[in-house]
Amino acid sequence: MSKLTCSEFKSGRRFVGRLPHGQDLIKSIETFCGETAVSMATFSAIGAVTSVTLGAYDQKQQVYVTYAKEAPLEIVNCTGNISLKDGLPVVHAHILLADMHGKTIGGHLFSETIIYAGEIDLLELAGKPLERAYDTTTGLMLWKGLS
Amino acid sequence: MSKLTCSEFKSGRRFVGRLPHGQDLIKSIETFCGETAVSMATFSAIGAVTSVTLGAYDQKQQVYVTYAKEAPLEIVNCTGNISLKDGLPVVHAHILLADMHGKTIGGHLFSETIIYAGEIDLLELAGKPLERAYDTTTGLMLWKGLS
Amino acid sequence: MSKLTCSEFKSGRRFVGRLPHGQDLIKSIETFCGETAVSMATFSAIGAVTSVTLGAYDQKQQVYVTYAKEAPLEIVNCTGNISLKDGLPVVHAHILLADMHGKTIGGHLFSETIIYAGEIDLLELAGKPLERAYDTTTGLMLWKGLS
């Protein structure tokens, strides 16, 4: 692929609300999407966690390297989307966290990441949902069928 | 609360513009919302500051720990929302900053934070505005009345 | 300027898709905007790069200080907009990156910044596009004609 490829969407429903205390960040969003029949969306969130699991993609080995940190941290920003993988709505999100001294860590968001409190702004994208498939160049599950 | 709880909104007016040089970041947004009768919104901003006041929530003591830094810093990202507290539009935002070497600090945004220059994208959310109330679990002022 | 000044826009087309592997981040967005006739937009992106060029504005000297880093890094967040400079759609974006250990760097995004993989959510803003002009206070190319 040598240029930016997209699908065009209309704005669907916009949900703004609270992330659940004591629950997993990714799972709570995926459960919400399952219950409200959202299969394609973008979202951002801010808040705080009590623990986090982060990762980065090892581009040479083509595997995710992950690590967990048990600490009270602010969610400075979490940016992500929901699309279909094997027919189910899955979250892909990156997250930035900060401690009491403003020191930051960030990366690809994994479960378990336990919410202390948080606020999410999620926009459903109306149109044909994008689906993830294995990409041979990067080894990642990327959106297919774009033009 | 054991699951993600939301209200649904329609898109209201979308304002894109400049943050005022030499003014406080939070106050300039709240003043704008007061003057344009925006009581519920989400926004993101990028730009630069001449000084910043940041904080993080001490989850054990249930108080915010804050600190100020007088330095020219890039606003790498500022993500936030406007909703009602005691009937008035208030900003809740988190911010990430970077210095000349790319070194970052981030956290909960407080006043005083003085703008050098910046650009904001603010979407009014049409519908019943969310209101903040004291949450006994976290000690935070969280949105009430969600389902 | 002593207060937040804005233009009001309607939502235009919303494009969600993939950033092109091996291409420059800014140029791929600007090329897309040229080809789809987008002259005003906001966007966010997440993903990964193989190299990045970052900068910060030296507020005293009124010049950008830039530096490049050749390394596989996650794009934790990239927030930006498209508007007109000299009649052409140009990107203004800030970016935050993280390495394998979650260590972050961030700042103003420059070319060359080479994409490994990434996902973009770009909203066209319908209305009179904003145009950049030299601002004597800051030395930056800021939006003119706001009220």
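Predicted model: local features only at pLDDT ≥ 70, side-chain atom pairs only at ≥ 80, totals over all residues.
Visitor: How confident is the predictor in chain A?
Guide: Chain A has a mean pLDDT of 97, with 99% of its residues at 70 or more; pLDDT is the predictor's confidence in each residue, from 0 to 100. For the complex, the predictor gives an ipTM of 0.97 and a pTM of 0.97.

Visitor: Back to the helix. What sits at the N-terminal end of H1(A)?
Guide: A:Asp24 caps that end, with a side-chain oxygen 3.5 Å from the backbone nitrogen of A:Ile26. The cut-off for such a polar contact is a pair of N or O atoms within 3.5 Å; within protein, one must be able to donate a hydrogen and the other to accept it, and residues adjacent in sequence count only if both atoms are side-chain atoms.

Visitor: Which residues of H1(A) are buried?
Guide: A:Leu25, A:Ile26, A:Ser28, A:Ile29, A:Phe32, A:Cys33 and A:Thr36. Buried means under 20% relative accessible area, exposed over 50%, partly exposed in between (1.4 Å probe, protein chains only). An α-helix has 3.6 residues a turn, so residues three or four places apart point the same way.

Visitor: What covers them?
Guide: The cover includes S1, S2 (41-58), S3 (63-85), S4 (88-98) and S5 of chain A, together with S1 of chain B. Contact here means heavy atoms within 4.5 Å.

Visitor: And in chain C, what caps H1(C)?
Guide: C:Asp24 caps the N-terminal end, its side-chain oxygen lying 3.4 Å from the backbone nitrogen of C:Ile26. Just after H1(C), C:Ala37 has a positive phi of about 60°.

Visitor: New topic. How many salt bridges over all chains?
Guide: There are 18, counting a side-chain nitrogen of Lys or Arg within 4 Å of a carboxyl oxygen of Asp or Glu. One of them pairs A:Asp121 with A:Arg14 at 2.7 Å, N to O. That pair links strand S5 (residues 104-126) to strand S1 (residues 5-19) of chain A, 107 residues apart.

Visitor: Are those two buried or exposed?
Guide: A:Asp121 is buried at 13% relative accessible area, and A:Arg14 is buried at 7%.

Visitor: What does B:Glu119 pair with?
Guide: B:Glu119 meets C:Arg132 in a salt bridge, 2.8 Å from N to O. C:Arg132 is in strand S6 (residues 132-134) of chain C and B:Glu119 in S5 of chain B, so the pair joins two chains. C:Arg132 is buried at 9%, and B:Glu119 at 5%.

Visitor: What rotation superposes chain A on chain C?
Guide: One of 120°, with 0.0 Å of shift along its axis and an RMSD of 0.0 Å. The two copies are therefore related as by a three-fold rotation axis.

Note on methods. Residues numbered from 1 in each chain as written. Chains lettered and ligands numbered in written order. Heavy atoms only, no water. Helix = DSSP H or I, 4+ residues; strand = E, 2+ residues; numbered from the N terminus. Least-squares fit on C-alpha atoms with pLDDT ≥ 70 in both.
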